[in-house]
Amino acid sequence: MSSPAIFARPKEAPPIGFSTLSLSVGNTPLAFISEPFVPGGGGFWAKLEGFNPGGIKDRPALHMVRQARARGDLRPGATVIESTSGTLGLGLALAGIVFGHPVVLVGDPGMEPLMCRLLTAYGVRLEIVTEPHPAGGWQQARRERVRRLLDEDPGAYCPDQYNNPDNVDAYAGLAHELLNQLPQIDTLVCSVGTGGHSAGIFGVLRRHFPDLRLVGVDTVGSTIFGQPARPRLMRGLGSSIHPRNVAYDAFSEIHWVAPAEAVWACRTLAAQHYVSGGWSTGAVTLVARWLARTQPGRTIVAVLPDGPWRYWNTVFDDAYGQAHGLLGTVPADEPDVVHAPSEREVHRWTRCTHVTDPLAGTR
């Protein structure tokens with residue numbers, strides 16, 4: 001099976017002005033997760049995107065900037081301005097260094113101190129909004145600040161990760177890595193935020209595996225799949241708006257996971273398999289664990305977006321966990337079930353096999 005890429009010392013220096021930083025993105029390894037995390041002898045493959053310098057969103061950040069430059073939407077030396085909860089911000093910081101663009105990012109008070117310090121260390125100008133939007137929460141507040149910044153700098157470019165098809169196309173490389181690593185894939189499990197990696201990976205893999213099932217993982221309090229928007233503790237998945245990159249018709253089912261359940265999965269996975277990550281990793285592996293147990297014989301791949309270091313003062317901090325009631329919860333063996341997202345508001349791990357676009361017919 002694939003292992004992390006090892007780069008030998010080059011025989012000669014790269015051309016002047018060429019950055020090799022982007023070469024460190026991709027070719028991430030797979031880990032097979034089985035007992036004791038998955039009881040009963042089954043298991044699933046975990047695609048470890050935390051082996052990228054900043055996580056999974058290094059891929060779309062580089063691709064969106066590259067494509068914008070090729071189209072002329074982003075002029076040499078122009079500023080890149082975007083909203084982020086963190087991971088895409090790291091990718092855009094990388095892209096700014098690789099391609100020579102100043103980067104301005106808009107975050108909110110939930111952005112972790114380590115993330116703020118890293119972004120500024122990488123040369124990013126970071127702006128923090130102070131009040132959530134009354135309807136769209138922190139995400140909409142960030143996007144409105146981005147629009148004001150773009151008005152102030154007409155030559156700047158916003159990748160608009162929520163609606164940019166380049167975000168989706170960026171994950172073709174990840175899909176082809178999986179094709180090289182595994183002879184068969186039956187089920188793909190992805191967290192859903194902007195909708196980019198679930199749509200991009202599935203779109204490529206489906207051409208090779210026509211019966212492939214896509215399972216989406218969201219957080220309670222997210223409105224992406226038709227639940228009411230609520231304040232959310234988990235970051236990196238979920239949304240208070242409806243990104244148009246979400247491929248609703250591709251999903252066979254969707255699961256919502258609560259923060260305490262994700263924390264249990266993160267910590268248990270780390271202790272038992274030395275594989276760890278943040279909120280999305282916990283939520284995705286909880287669902288993949290259930291699928292592996294209930295659907296033996298199927299090859300299941302779960303995409304783990306990043307590693308654990310960003311979450312030292314949340315997921316892996318006992319004081320934070322106690323303050324937010326996240327410790328001591330062991331998820332149920334089976335998820336709750338709703339027949340439609342509008343049936344009722346969910347507060348714990350819940351599954352739904354009727355997936356539709358909540359804005360269908362309104363656009």
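Predicted model: local features only at pLDDT ≥ 70, side-chain atom pairs only at ≥ 80, totals over all residues.

Q: Ok. Is strand β9 buried or exposed?

A: All 5 of the 5 residues in β9 (residues 300-304) are buried, so the strand is largely enclosed by the rest of the structure.

Q: And which residues sit on each side of it?

A: Ile300, Ala302 and Leu304 are on one side, with Val301 and Val303 on the other. Both faces are covered.

Q: Which sense does it pair in with β2?

A: Parallel: β2 (residues 44-48) and β9 pair over 4 bridges. Within that strand pair, Ala46 has Ala302 as its bridge partner.

Q: What about β6, how many bridges there?

A: β6 (residues 187-191) pairs with β9 over 3 bridges, in the parallel sense. Thr187 is bridged to Ile300 of β9.

Q: Switching to helices. How many residues of α7 are buried?

A: 10 of the 13 residues in α7 (residues 196-208) are, which leaves the helix mostly covered. Among them are His197, Ile201 and Phe202.

Q: What do those buried residues pack against?

A: Helices α5 (165-169) and α6 (172-181), plus strands β6, β7 (213-219), β8 (251-257) and β9.

Q: Now the surface. Which residues form the nonpolar patch?

A: Leu21, Ile97 and Tyr122, together with about 270 Å² of accessible area.

Q: Where's Tyr122?

A: Tyr122 is in the loop between α3 (113-121) and β5 (125-128).

Q: And why does Tyr122 count as partly exposed?

A: Because its relative accessibility is 42%, and partly exposed runs between the buried cut-off of under 20% and the exposed one of over 50%.

Key
Residues numbered from 1 in each chain as written. Heavy atoms only, no water. Buried < 20%, exposed > 50% of the residue type's maximum accessible area, 1.4 Å probe, protein only. Helix = DSSP H or I, 4+ residues; strand = E, 2+ residues; numbered from the N terminus. Pairing = 2+ DSSP bridges. Patch = residues over 30% accessible without salt bridge, like charges linked within 9 Å, V, L, I, M, F, W, Y side chains within 5 Å. Areas by Shrake-Rupley, 256 points an atom, 1.4 Å probe, with all protein chains shown as cover. Salt bridge = Lys/Arg side-chain N within 4 Å of Asp/Glu carboxyl O. Contact = heavy atoms within 4.5 Å.
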